[in-house]
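Let's walk through this structure together, one piece at a time. Keep the picture in view and follow along.

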Amino acid sequence: EAHLLAEKALDNNPWSRGKAYFISQGEPVHLWVWINEVLSRSKLAPVKRSVPVWLALGLAGLFEAFASEEKEPRFTRFLVKEMATSHYFNISAAERYLGYKPKISVDRALDLTFGPRNPDPPLAA
């Protein structure tokens, strides 16, 4: 939908041109709460343990140091930083210049993807 709105806006609204737009449901999502919700709805156990970010960054640095040009490391400092941070992107430019309005919430999207929330906790792994 956002792509179609952008196509129209580029033709009809010169103010929409040359800008970057974030597209989402427009609400903050706490990363590990969301991941555990996806796991729960998939009937998998939630993530209960973690390592300190400084340790993960150090390990990722070692993976990067020993990687070859042919094979990129699967565990990187970038990945650690992304997984250690909840992200929220401001969609006001898409709303203002493209006319974008989220139609469903994150919770509703989860319901549509996995079915209604399961009141029973997942079985422990």
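Among the things that cover the buried residues of helix 6 is helix 2 (31-41), where contact means heavy atoms within 4.5 Å. Helices here are DSSP runs of H or I, at least four residues long, and strands are runs of E, at least two long, numbered from the N terminus. Helix 6 spans residues 106-114, and its buried residues are Val-106, Ala-109 and Leu-110. Buried means under 20% relative accessible area with a 1.4 Å probe, counting protein chains only. Look down the axis of helix 6 and these buried residues fall within an arc of 100°, so they line one face of the helix; the arc is that of the directions from the helix axis to the C-beta atoms.

A quick word on the model: it's predicted, so local features need pLDDT of at least 70 and side-chain atom pairs count only at pLDDT 80 or more, while totals for chains, interfaces and linings use all residues. Residues are numbered from 1 along each chain as its sequence is written, and side-chain values use heavy atoms, leaving out hydrogens and water.

Now zoom out. The protein has 6 helices and 0 strands. Its radius of gyration is 20 Å, well over the 14 Å that the globule rule gives for 125 residues, so the protein is more spread out than a compact globule. That radius is taken over C-alpha atoms, and the rule is 2.2 Å times the number of residues to the power 0.38. Buried residues make up 19% of the 125.

Key:
Buried means under 20% relative accessible area, exposed over 50%, partly exposed in between (1.4 Å probe, protein chains only).
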